[in-house]
Amino acid sequence: MDLTPLAAGLAMGLGAIGPGIGLGIAVSKAMEALGRNPEASGAIFVPYILGIALAEAIGIYALVVSLIILFT
Amino acid sequence: MPDEGGSLIHVRIDAEPLFSVGPLTVTNSMVGAVVTSLILLLVAWYVTRRSTLVPSRLQTAVEFPIEWIGNIVEGTGGTRWRSFAPLVISIFLFVLFANWLGLLPGVGTIGLFEQEHGEQVLVPFVRSASADLNFTLGLAIVSFFAFIGFGVKANGVKGYLKHTFVANPAYMTPIMTPIHLISELSRLISLSMRLFGNVFAGEVLLATMLALVPLIVPIAFLGLELVFGFVQALVFALLTMTYVILAIAENEQHGTAELEDSTHDHPGDEPDRHAAPQGTAA
């Protein structure tokens with residue numbers, strides 16, 4: 001029995017938990033800040049995008065690992 | 001298609017070779033990169049040739065992303081922002097159009113059938129350049145050497161090495177140097193893997209959705225990919241900008257070399273940059 005697809009799915013699924021939580025926190029905090037102070041949207045924007053990118057990178061690592069499992 | 005079901009979704013992680021010129025094998029993602037560059041070059045050539053003080057519609061559309069990213073760089077980049085703003089804007093536009101090229105109809109669907117492991121496989125002529133790790137890694141290497149170069153230019157070789165590798169209490173240096181080294185090198189990996197992973201996952205997602213529900217539903221995912229392509233281009237450009245700013249480090253102790261005006265690095269397009277404040281960035 002070939003378990004390779006299961007391994008790839010598990011790698012992606014488990015690896016997406018952490019970044020998912022992190023992204024949720026980041027977005028909720030950004031929205032909160034925006035709600036409190038709508039004029040700060042310009043100042044929030046760049047750090048927000050960068051933070052999201054850094055959190056998302058972890059999920060992308062999981063994707064790359066699962067792709068490597070799947071295709072090699 | 002040879003058979004139904006699983007093999008309907010066929011995505012290759014590496015770019016398919018089309019033909020080879022001597023030792024150089026030309027893949028379809030290289031064609032995609034060339035097409036992207038040609039689009040950008042032709043639009044830039046056409047617009048700058050007939051640019052006017054009161055911009056036409058096309059000129060406004062072309063100037064908008066340049067001004068927008070330029071304002072972001074100006075707001076966060078410190079006194080030397082003019083020297084690296086062109087790099088950030090170019091990376092943004094190039095990655096943006098490389099991402100969006102993969103969403104055009106015909107890209108990835110027009111090609112030749114080839115035999116591979118006994119089954120017929122479509123080899124498309126053009127593939128989105130950023131769905132190939134070679135392209136994103138190449139861009140990440142450009143960004144890597146760019147921030148090292150700007151750091152060296154701003155602080156000198158000695159100053160840059162000192163700023164990067166010597167920790168603040170000097171006795172911590174033996175512990176911190178390997179960490180710094182790894183963190184600098186991991187930027188290369190995370191920059192390239194992030195862009196590649198996002199765009200490639202987007203292609204897989206679109207292929208899967210097209211195979212599952214061929215009608216209507218993929219439109220929503222095409223819209224999603226439009227947004228993702230834009231966000232990833234922005235992320236790549238802004239991370240490059242952040243790395244350059246960190247390497248220049250003009251807010252830290254050595255603030256000597258900063259008042260020499262760096263306008264000579266500027267290519268001299270977009271004359272009307274001074275107007276909008278940072279608050280318009282969102």
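1. Two residues are in contact if their C-beta atoms, placed from the backbone, lie within 7 Å. By that rule, and leaving aside neighbours within four places in sequence, Ala237(B) is in contact with Ile69(B), Val88(B), Ile91(B) and Phe92(B).

2. This is a predicted model: local features need pLDDT of at least 70, side-chain atom pairs count only at pLDDT 80 or more, and totals for chains, interfaces and linings use all residues. Residues are numbered from 1 along each chain as its sequence is written, while chains are lettered from A and ligands numbered from 1 in the order in which they are written.

3. Ala237(B) also features in the largest nonpolar core, which has 60 residues. Such a core is a set of buried Ala, Val, Leu, Ile, Met, Phe, Trp, Tyr and Cys residues joined through C-beta atoms within 7 Å. Buried means that 20 or more other C-beta atoms lie within 10 Å of a residue's own. Val88(B), Ile91(B), Phe92(B), Val95(B), Phe236(B), Ala237(B) and Val244(B) touch the most other members. The largest share of this core, 15 residues, comes from α3(B).

4. Look at α4(B), residues 133-165. Helices are DSSP runs (H or I, at least four residues), numbered from the N terminus.

5. Buried residues of α4(B) include Phe147(B), Phe150(B) and Tyr160(B). Their cover includes α1, α3, α5 and α6 of chain B.

How values were computed:
A residue is buried if 20 or more other C-beta atoms lie within 10 Å of its own, exposed if 12 or fewer, and partly exposed in between; C-beta atoms are placed from the backbone. Helices (H or I, at least four residues) and strands (E, at least two) are DSSP runs, numbered from the N terminus.
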